[in-house]
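Dear colleague,

Please find below the structure that I am handing over to you. My findings follow it, grouped by topic.

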Amino acid sequence: MEFRITCIPGDGIGPEIVAEAKKVLDAVAVKYGHVMRYTDILMGGASIDVHGVPLTEEAVETAKSADAVLMGSIGGDTTTSPWYKLAPNLRPEAGLLAIRKALNLFANLRPAVLYEELAGACPLKEEISAAGFDMMIMRELTGGLYFGERKTVEENGVRKAIDTLTYDENEIRRIAIKGFDIARKRRKKVTSVDKANVLDSSRLWRKVVEEVAAAYPDVTLEHMLVDNCAMQLVKDPAQFDVILTENMFGDILSDEASMVTGSIGMLASASLNDTKFGLYEPSHGSAPDIAGKDIANPIATVLSASMMLRYSFDLDQEADAIDSAVKAVLQAGYRTADIMSEGCVRVGCKQMGDLLAERIK
C-alpha cells in the first residue's frame, strides 16, 4: 500500500527526531511491502523565518491532501528567541492551534506507558510501579470550557470573570465513538471521566457515552468522577485502559499521567478528526538547548509514527513491529541521554533510530 505523509519537522530538535521516525517508517515499509511518500512543510518558527507567519495557507492545503501528518516540535526559547517578540497570533505555537482548527482535530490521544526497563524513573512507590501500566487518555480537544463564551465585567465595583462550559450531544458522541473504537484495538475497557454529581454538562456527557456504549457490547464501560480518577492515577494506574474525558479534565489528567511514567521523552500523542486522518507528534517540546547535538530522544516521535500506522492506516501488525522494536532496544540496554541509567549504553539520536530500524528489518 502507498501512504502520503505530510511531515512538519518544526523547530529545535524537531528535524532530528522526525528524520529518525522516517527512518523507522521506511524500515516498516520495506519489511511489509508499503510505500511511504513524504512531503515536508514549514510550521512554527521555521515558517516565521521564511514566510513571516507560523503557518501558511499553502502548508495547510498540503496537510489536508495527505493521509496523515507527522510532526516534530514547535517553538523556541521564549526568553531569547525573536519569535516571542511578535504578536501572539504570529508566534510559533499559533501555527499549531491554526492547523488543529483547519484540520478539525477534535480527538486528542495521549498514551502513558511505563516500560519495565524504565520503571526506576517512575515517581510512584515500587509496589505500584512494579505492576506497570499502559493507558490511553482520550481528550475532547475543541469544545468545553476552553472554547466557551467568556467575559470579564465589573458589577457594583467588583470585577467578575465568566467562563462558559458547553457541550452538545454531537460533540460528545463523536469523541465517545473514537474512544470505543480505540478501546477495541486495546484491552476493551473505557473509563469515562466526568463530574456528573455537580455539572449538567457532565450529566449529558455520561448519558451520551452510555448511548454510544450500547453499540460496543464487547467493550466494558465504567464511569469515574474526575477527582477520584486523579487519585486513582497515582494509586493504581494499572487499572486503566482508555480514559475518555472532556477538554479541561483531559488536559489535567493527561499531564498527570505523563509524569507518573517518569520520562516525557517516551510519550507519543495524536489528534484525530472524524475520519481516519490525524496529526501525530511527541508530547515533549522543542528543546532548543540541545538542537543539532545528536542527543535528543527520538522514541516519542517514533511511537507517534506507530500510532499513525495503527489509527490512521489500520496497520496494526506494522505498529506492533515498531512498539516491539522499542521494547527490544530498551531491553538490550541502549539509552539516550534523557533516560540514561547505570549499566546502560548511551547512544545519540541517529544511532537510536538506526537501532530501531535494524530491529524491524
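**A charge over a ring**

The charged end of Arg 174 sits over the ring of Phe 106, at 4.0 Å from the ring centre. A charge is taken to sit over a ring if NZ of Lys or CZ of Arg is within 6 Å of the ring centre and within 35 degrees of the ring normal. Lys 22 likewise lies over the face of Tyr 38, 5.3 Å from the centre of that ring.

**Basis of the values**

The model is predicted; local features need pLDDT of at least 70, side-chain atom pairs count only at pLDDT 80 or more, and totals for chains, interfaces and linings use all residues. Residues are numbered from 1 along each chain as its sequence is written, and side-chain values use heavy atoms, with hydrogens and water left out.

**Strands and crossovers**

Helices (H or I, at least four residues) and strands (E, at least two) are DSSP runs, numbered from the N terminus. Strand 1 covers residues 2-10; seven of its nine residues are buried, so this strand is largely enclosed by the rest of the structure. Buried here means under 20% relative accessible area, exposed means over 50%, and partly exposed lies in between (1.4 Å probe, protein chains only).

Strand 1 pairs in the parallel sense with strand 2 (residues 35-40) over six bridges; two strands pair if DSSP finds at least two bridges between them. Within this pairing, Val 35 of strand 2 stands opposite Glu 2. Strand 1 also pairs in the parallel sense with strand 3 (residues 68-73), over five bridges, and there Thr 6 has Val 69 as its bridge partner.

A crossover is right-handed if, with the strands pointing away from the viewer, the path from the first strand over the helix to the second runs clockwise.

Val 193 stands opposite Met 224 of strand 9. The chain passes from strand 8 through helix 7 to strand 9, in a β-α-β crossover that is right-handed.

**Salt bridges**

A salt bridge is a side-chain nitrogen of Lys or Arg within 4 Å of a carboxyl oxygen of Asp or Glu. By this rule the count comes to 27.

Arg 150 forms a salt bridge with Asp 163, with the closest N and O atoms 3.5 Å apart. Arg 150 lies in strand 6 (residues 150-155) and Asp 163 in strand 7 (residues 158-163), so the pair ties together parts that are 13 residues apart in sequence. Asp 163 is partly exposed, at 46% relative accessibility.

Another salt bridge joins the side chains of Glu 211 and Arg 173 (3.1 Å, N to O). This pair links distant parts of the chain, since Glu 211 is in helix 7 (residues 200-213) and Arg 173 is in helix 6 (residues 169-184), 38 residues apart. Glu 211 is partly exposed, with a relative accessible area of 40%, and Arg 173 is also partly exposed, at 24%.

Arg 310 and Asp 316 meet through their side chains in a salt bridge (3.9 Å, N to O). Arg 310 is buried, at 12% relative accessible area, whereas Asp 316 is partly exposed, at 28%. Both belong to a network of salt bridges that links Lys 185, Lys 276, Arg 310, Asp 314, Asp 316, Asp 320 and Asp 323.

**Aromatic pairs**

The structure holds three aromatic pairs. One of them is formed by Tyr 167 and Trp 205 and is edge-to-face, with 5.7 Å centre to centre and 70° between the planes. Rings of Phe, Tyr and Trp (its six-membered ring) pair if their centres lie within 6.5 Å; planes under 30 degrees apart count as stacked, over 60 as edge-to-face and the rest as tilted. Tyr 167 lies in the loop between strand 7 and helix 6, and Trp 205 in helix 7, 38 residues apart. Tyr 167 is buried, with a relative accessible area of 10%, and Trp 205 is buried at 2%.

**Positive phi values**

Asp 314, a member of the salt-bridge network, has a phi near 55°, a positive value in a residue other than glycine. Asp 314 lies in the loop between helix 10 (299-312) and helix 11 (316-331) and is partly exposed, at 40% relative accessibility. Lys 188, which is not a glycine either, has a positive phi of about 65°.

With kind regards
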